[in-house]
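Here are my notes on this one, jotted down as I went through it. Have the structure open alongside while you read.

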Protein chains: 4
Amino acid sequence: MTDDELRRAVLDANLDTVRHGLVISTFGNASGIDRNAGRILIKPSGVAYDRLTPADMVPCDLDGRSLDNRLRPSSDLATHAVLYRAFADIGGVVHTHSTYATIMAQSHRPVPCLGTTHADYFHGTIPVTRDLTEDEIAQDYVGNTGTVIVETFADLDPLAIPAVLVAGHGPFVWGRTPAEAVHNALILEQVAKMAWHAMVLNPDPQPISQALLDRHFLRKHGAQATYGQDG
Amino acid sequence: MTDDELRRAVLDANLDTVRHGLVISTFGNASGIDRNAGRILIKPSGVAYDRLTPADMVPCDLDGRSLDNRLRPSSDLATHAVLYRAFADIGGVVHTHSTYATIMAQSHRPVPCLGTTHADYFHGTIPVTRDLTEDEIAQDYVGNTGTVIVETFADLDPLAIPAVLVAGHGPFVWGRTPAEAVHNALILEQVAKMAWHAMVLNPDPQPISQALLDRHFLRKHGAQATYGQDG
Amino acid sequence: MTDDELRRAVLDANLDTVRHGLVISTFGNASGIDRNAGRILIKPSGVAYDRLTPADMVPCDLDGRSLDNRLRPSSDLATHAVLYRAFADIGGVVHTHSTYATIMAQSHRPVPCLGTTHADYFHGTIPVTRDLTEDEIAQDYVGNTGTVIVETFADLDPLAIPAVLVAGHGPFVWGRTPAEAVHNALILEQVAKMAWHAMVLNPDPQPISQALLDRHFLRKHGAQATYGQDG
Amino acid sequence: MTDDELRRAVLDANLDTVRHGLVISTFGNASGIDRNAGRILIKPSGVAYDRLTPADMVPCDLDGRSLDNRLRPSSDLATHAVLYRAFADIGGVVHTHSTYATIMAQSHRPVPCLGTTHADYFHGTIPVTRDLTEDEIAQDYVGNTGTVIVETFADLDPLAIPAVLVAGHGPFVWGRTPAEAVHNALILEQVAKMAWHAMVLNPDPQPISQALLDRHFLRKHGAQATYGQDG
C-alpha cells in the first residue's frame with residue numbers, strides 16, 4: 001500500500017466501526033501500519049467522525065510518538081504501538097466499546113467457541129486480560145494496557161485469535177489489514193452477543209468439538225483454505 | 001418457473017436474507033431447484049451480496065457437482081443437495097446464522113411451540129440435530145451435515161416443520177419455493193427470539209395445546225386452509 | 001368521521017403498526033367502527049401492506065359479517081366484533097404479534113405497573129386471558145378469543161386498561177380511535193419490554209404505589225387531565 | 001449564549017433525544033438556563049417533535065412559573081427548576097424514559113461503574129432516588145421529584161455524577177449545557193444497558209478499581225484533562 005492508500009484504509013476502518021454500530025460517540029479508534037517505513041497511522045483524538053479526512057490520520061512511530069504536530073493522535077495510541085511491536089504479522093488494530101464484547105469484558109468472561117460462526121474467525125476461546133495493577137494504571141496506563149494484552153497472548157497465536165477483551169474496558173481486535181481488523185471486530189461483537197445469550201440459558205455452555213473448530217477455522221485460514229473464489 | 005425465473009428467485013432469496021438481517025457478512029446461502037431438469041441453482045461462494053446477478057447463480061446437479069466452471073458454488077452446496085434428494089417436495093433451501101436461531105442451535109435447545117406465531121408456520125417443535133462425530137466431520141463434513149438433518153426428520157414431515165437447527169452451527173430452512181424458504185427463515189428467527197426470552201423467565205415453558213396448534217397450522221396449510229384471498 | 005376519513009384512519013392504523021415494528025409479515029390487523037352506522041372497517045386478509053388503499057378496508061356488521069364481497073376481511077374479524085359489542089366506548093382495535101407483548105402472552109405473565117411510563121397509559125396490571133378450551137377452539141375459535149377477553153375484563157374498565165394479552169397468542173389493544181389503539185399498542189410493547197427485563201433481575205418486581213399510579217394515569221385521562229396544550 | 005442561541009440549543013437537545021432513540025412518543029423533555037437572566041427555556045407540553053421551532057421553547061423563571069402565555073411548558077418543569085436552583089453549575093437538564101435506564105429505575109437498581117465507558121462520564125455509581133411518599137405525590141409531585149433528587153445528591157457532586165434514576169420513573173440527566181446533558185443521557189443509556197446485561201450473568205458484579213475509575217474520569221474532566229484536541 002502507498003501512504004495514500006493506507007491513509008484511506010485507516011480512515012475507512014474508523015468510519016466502518018461507526019457504520020457497523022460498534023462505536024458510539026467517539027469511543028473507538030482504528031490504525032494501520034506501514035511495516036517498511038516503521039510508521040503507524042491512527043485516528044486523531046476526539047474529532048467528530050463526519051469531519052475526518054485521510055489527511056487527518058496521524059503518523060506515529062513504533063514507540064508511539066506522533067510524527068505530526070497538527071492533530072493529537074488517539075489517546076489509545078500507546079496500546080496500538082505495543083501490539084504492533086509484539087505481533088509482527090498484524091497490519092491493523094481496532095478498539096471499540098461495542099456492546100456485547102464490552103459486557104463480556106466488564107464481566108471478566110472469556111468468549112468460548114460455541115459455534116461455527118466463531119470457529120470461522122477465531123481458533124478457540126477469546127481471552128480476557130487480567131486487571132491492571134494500581135501501579136500499572138498510575139505509571140503508563142495506555143502502554144500497560146498493551147502489555148497485559150501481550151502477556152495474555154504468551155501462549156496464543158495472535159492471528160489465530162485476533163481479538164482480546166481488556167478487563168473492565170472493552171475489545172482490542174486486529175488483522176492483517178485495517179479492513180480485516182474491522183471485520184474481525186464485527187464478528188467478535190456477534191459471537192459475544194450469541195455467547196452472552198447462551199450463557200443466560202446455561203451458565204457453563206459446552207464449546208464445540210476440536211474437530212469442528214479445526215474444520216471451520218482451517219477452511220478459511222492457512223494453506224488448506226477452500227472458501228471463496230480464490231482458494 | 002423458467003431457468004431465468006428460477007435464477008431471479010434464487011438471487012432474490014439470497015438478497016432477502018440480508019435485507020431481513022438474517023445474514024451478517026457472507027454467512028448464508030439460498031438455493032432453488034428445477035425438479036424436472038434435476039438442477040440446483042445456488043449462490044456462489046464468498047462473493048459480496050451487492051455484486052450478485054442472476055447469471056452468477058451456480059447450476060449444480062443433485063449429487064452436488066457444479067455444472068459451471070466460472071464461479072465456485074457455496075461451500076454448503078453438499079448439504080443443500082442432500083436435502084433436495086431426501087425431501088422430494090421442497091423447492092428452496094436457505095442457510096443463515098441468524099442471531100436467535102443460532103443461539104438456540106449453539107445451546108442445543110429445540111424451539112418448542114409456545115404460541116400461534118410459531119403454529120402458523122411450524123406444526124410442532126423445531127428440532128436440533130445431534131452433534132456430528134469426529135469421523136463425520138473428517139470425511140464429508142458438508143454432506144454429513146445434510147445427513148444428520150435427514151436423520152433428525154426420520155419421523156417428521158419436512159413441510160410441516162420446514163426448519164432445523166444444526167447443533168453448534170445454525171439453521172437450515174426450506175419451503176416449496178426459495179421465497180417461501182426465506183419467509184420461513186424470517187419467522188424461525190422471530191419464534192426463536194421469543195422462545196429464548198420465554199425460557200429466561202421459565203426454563204421449561206409450556207407449549208400451546210395440540211388443539212390450538214392444529215387450529216393455526218391447518219388454517220394456513222393443507223386442504224382446509226382459509227387464510228388470505230385465495231382460500 | 002366520514003366514511004372516507006374512517007377508511008383512511010383504519011388504513012393508517014394498519015400501516016403504523018408496521019412502521020413502528022409491531023407487525024412482521026402480515027401478523028396483525030387494525031379496525032375502526034362507525035357507531036352510528038353500526039359498521040366496522042377492517043384490513044383485508046393476507047394482502048401485502050404496501051398495496052393497501054383506503055378502498056380495500058372491508059366493511060362488516062357488528063356480528064362479524066362482511067358487507068362487501070370483493071375482499072375477504074381479516075381472519076381475526078370475529079374477535080374485533082366481540083370487542084366492539086362488549087366495550088361500548090371503544091372506536092378502534094389493533095391486533096399485533098409485537099415481540100415483548102407476545103413473549104409475555106406466551107409466558108402467561110401479566111404486565112405489572114412497574115413505572116410511570118406504564119401508568120401514563122394503563123391504570124394497573126395488563127392482564128392475560130385464560131387458555132381457550134378444546135371446545136372453544138373447535139367451535140368458534142376467533143369469536144371465542146373475543147369472549148375470553150371480555151371475560152377477563154369482567155371487573156375492569158376497558159378504557160382504563162386498553163389492552164390484553166391473549167394466552168399463547170399475543171396482544172389485542174384498543175382505544176377511542178384507531179390511532180389511539182395503535183399508540184396504545186406501541187406503549188404496550190415498550191412497557192412489556194421493560195417489564196420482561198425487570199423480571200429477569202427480580203422475578204417478582206414491586207409495582208409502583210397506588211398514589212403514583214393514580215397521579216400519572218389521571219394526569220392524562222379523565223376530567224382532571226392537565227397534560228398537553230388542551231387541558 | 002444569546003437568547004436565540006439558547007432557544008436553538010434547547011430545541012436541538014429535545015430533537016437529539018428523539019434522534020438517539022432515548023424518547024418514544026412525547027416521553028421526554030430538555031431545558032437550558034440563562035444564569036444571568038435567571039431564565040429557563042423548556043420544551044412545551046405534549047407538542048409533536050416534528051413541529052417544534054426555537055420560538056416554541058417556553059421561557060420560565062427559576063420558581064417554575066411560565067413567563068409566556070402562548071404554550072404551556074413541559075409538565076416536568078418544576079423538577080427542572082428545583083435542579084437548576086440546587087445545582088449551581090449545570091446549564092441543561094434532560095428527562096427521558098430511555099429503555100435500560102428506565103428498567104434500572106423501575107428495578108430500584110443503581111448503575112455501578114463496571115467499566116471505562118462509564119468511568120469516562122460518571123465518577124462512580126449512578127444512584128436511584130428513594131420512592132416519594134404518598135404526601136409528596138399528593139402535594140407537589142413534580143417539584144418533590146426534584147427535591148428527592150437533590151436529597152440523593154446530598155454527598156455527591158452533580159457534575160461528577162451528572163445523572164440520577166428516579167425510582168419507578170426514569171432518568172434525569174444534566175450537564176454544563178443542554179447538548180452535554182443529552183450526550184450524558186446517551187451514555188447513561190449505554191452503560192445502563194451494559195450493566196443490566198452484566199447483572200444477568202452475575203447479580204452482584206464487581207466495579208472497576210478506584211484507580212481505573214479516577215484514571216478515566218480525570219482524563220476527560222478537570223484541570224488535568226488530556227483528551228481531545230483542546231487539552
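**Notes on chain C and its contact with chain B**

1. Polar contacts first: across the interface of chain C and chain B there are 7 residue pairs in polar contact, both partners at pLDDT 80 or more. Keep in mind that this is a predicted model. As for salt bridges between chain C and chain B, the count is 0.

2. Which helices of chain C each bring at least two residues to the side that touches chain B? They are α3 (99-106), α5 (134-152) and α6 (178-201). The largest share comes from α3(C), with 6 residues. Sorted by class, that side of chain C has 14 nonpolar, 12 polar and 4 charged residues.

3. On extent, chain C puts 30 residues into the contact and chain B puts in 29. Together the two chains bury about 2,600 Å², with 58% of that on carbon and sulfur atoms. Within the area chain C buries against chain B, 23% is down to C:F27, C:R72 and C:Q106, more than any other three residues supply.

Definitions and conventions. Residues are numbered from 1 along each chain as its sequence is written. Chains are lettered from A and ligands numbered from 1 in the order in which they are written. This is a predicted model: local features need pLDDT of at least 70, side-chain atom pairs count only at pLDDT 80 or more; totals for chains, interfaces and linings use all residues. Side-chain values use heavy atoms; hydrogens and water are left out. Contact means heavy atoms within 4.5 Å. Buried area is the accessible area (1.4 Å probe) that two parts lose on being put together, summed over both. A salt bridge is a side-chain nitrogen of Lys or Arg within 4 Å of a carboxyl oxygen of Asp or Glu. A polar contact is a pair of N or O atoms within 3.5 Å; within protein, one must be able to donate a hydrogen and the other to accept it, and residues adjacent in sequence count only if both atoms are side-chain atoms. Helices (H or I, at least four residues) and strands (E, at least two) are DSSP runs, numbered from the N terminus. Ala, Val, Leu, Ile, Met, Phe, Trp, Tyr, Cys and Pro count as nonpolar, Asp, Glu, Lys and Arg as charged, and the others, Gly among them, as polar.
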